[in-house]
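Please examine the sequence and the structure shown here before reading the dialogue.

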Amino acid sequence: MKRFLIAMLCLMLVLGMTGCNRNEVVIDKDVGITTFEAQEPATEETTSETKEADTQDAEASTPEPEEMQGTFTKQLQFTDKAGKTVDTLPYWLYTPANAEEGMPLIVVLHSALVKAKNDLGSEANLDNMVKDADDLPKFIYNGELGDIPAYIVMPQTDGASRGWAKRASELAELVGYCEREYGIDKENVSIAGYSLGGTGAIEVAAVYPEVFSRVLSVAGGLDGVSNNTRPYVQGVGRFKLDDSDYSALRVLKSGSSTEYEKEKMKYLYAASGDICLALSTDEKAAARTFENERINTVADVLKDNEISLWTIVGSKDVEVEPSVSERLCDAVGETAKNDNVEDYSHAMIIDHCRDIRDEITDYLLNG
């Protein structure tokens, strides 16, 4: 026992002299004594290596781009079902490798970031659409959503359009052209978009539900409710409201709106969803009625036509009201789902699409 105690005292003295910064407990099974094994303190070099490894792990969560095996071509016109040339909706066409009849079609609508800057029919503008800003067309063009075995059309609109809903008839004609020209599967046509394009994807599918099987809306909403276009400009845009519609709600009139109205009435609600930008109690009630009717009207169309809907929105989006996507999906029911991604902003959510690209691709191809 004396020897044991002396040994323990010596061990404690030795440990006290080592000045170790970090120690690891080690059990010596042969003698049944718990000792401490000293470890080297972290140096700047090892700390740097750890940070680099953490960065690599984060980057590893985003799949590497894949080279698209098919071909991209710029198209400045197409022919509608009456044989008339349509030259007001230029687009990128992706033809998949080993293309054959019966393949899916995906229509991709861009955001406001890459609208045509001047001449809508300019090839330079089409180039900018897939190079200028992070958006679904750029991701697809660069292979950041993987190699997609489907025909893909990515049309371009301009600043005068105030949204994609005004181009709905042309988009439906473009899908019809692809059906005739490439023999695509009419039962497997998807429409997708981000921001302005996300709103447009929902709106266009609601106008032409017979054309589309599924909708992917990223950071989108509904025209006049949570979207990127001014809802109450008389005679302009998706809705032509006048003073007889929702009489308690002010209607913005082109050329006569005050600066306050032009600036503040872009959206029904502030980003929090709690502060209504309408002023009076009656206006607030009218705004709520308008919003509910819009959501239910669109939901009924999608539900009645069995159109699948997937909305993706960031919880910190201040460009659109995230709760609108959730309420729309709830109203559609079992054929819809909403992903509200925690702590993601309007700009950040598009990067999330790269992280879940396999899920997105599978949805657009198979529902």
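This is a predicted model: local features need pLDDT of at least 70, side-chain atom pairs count only at pLDDT 80 or more; totals for chains, interfaces and linings use all residues.

Residues are numbered from 1 along each chain as its sequence is written, and side-chain values use heavy atoms, with hydrogens and water left out.

Student: Why is strand β9 described as largely enclosed by the rest of the structure?

Tutor: Strands (E, at least two residues) and helices (H or I, at least four) are DSSP runs, numbered from the N terminus. Buried means under 20% relative accessible area, exposed over 50% and partly exposed in between, with a 1.4 Å probe and protein chains only. Val-189, Ile-191 and Gly-193 point one way from β9, and Ser-190, Ala-192 and Tyr-194 the other way. Strand β9 is largely enclosed because six of its six residues are buried.

Student: Which residue of β10 stands opposite Ile-191?

Tutor: Two strands pair if DSSP finds at least two bridges between them. Five bridges join β9 to β10 (residues 214-218), and these strands run parallel. Opposite Ile-191 stands Val-215.

Student: How many aromatic pairs are there, and is the pair of Phe-78 and Tyr-91 stacked or edge-to-face?

Tutor: Rings of Phe, Tyr and Trp (its six-membered ring) pair if their centres lie within 6.5 Å; planes under 30 degrees apart count as stacked, over 60 as edge-to-face and the rest as tilted. The count comes to nine aromatic pairs. The ring centres of Phe-78 and Tyr-91 are 6.2 Å apart and their planes stand at 70°, so the pair is edge-to-face.
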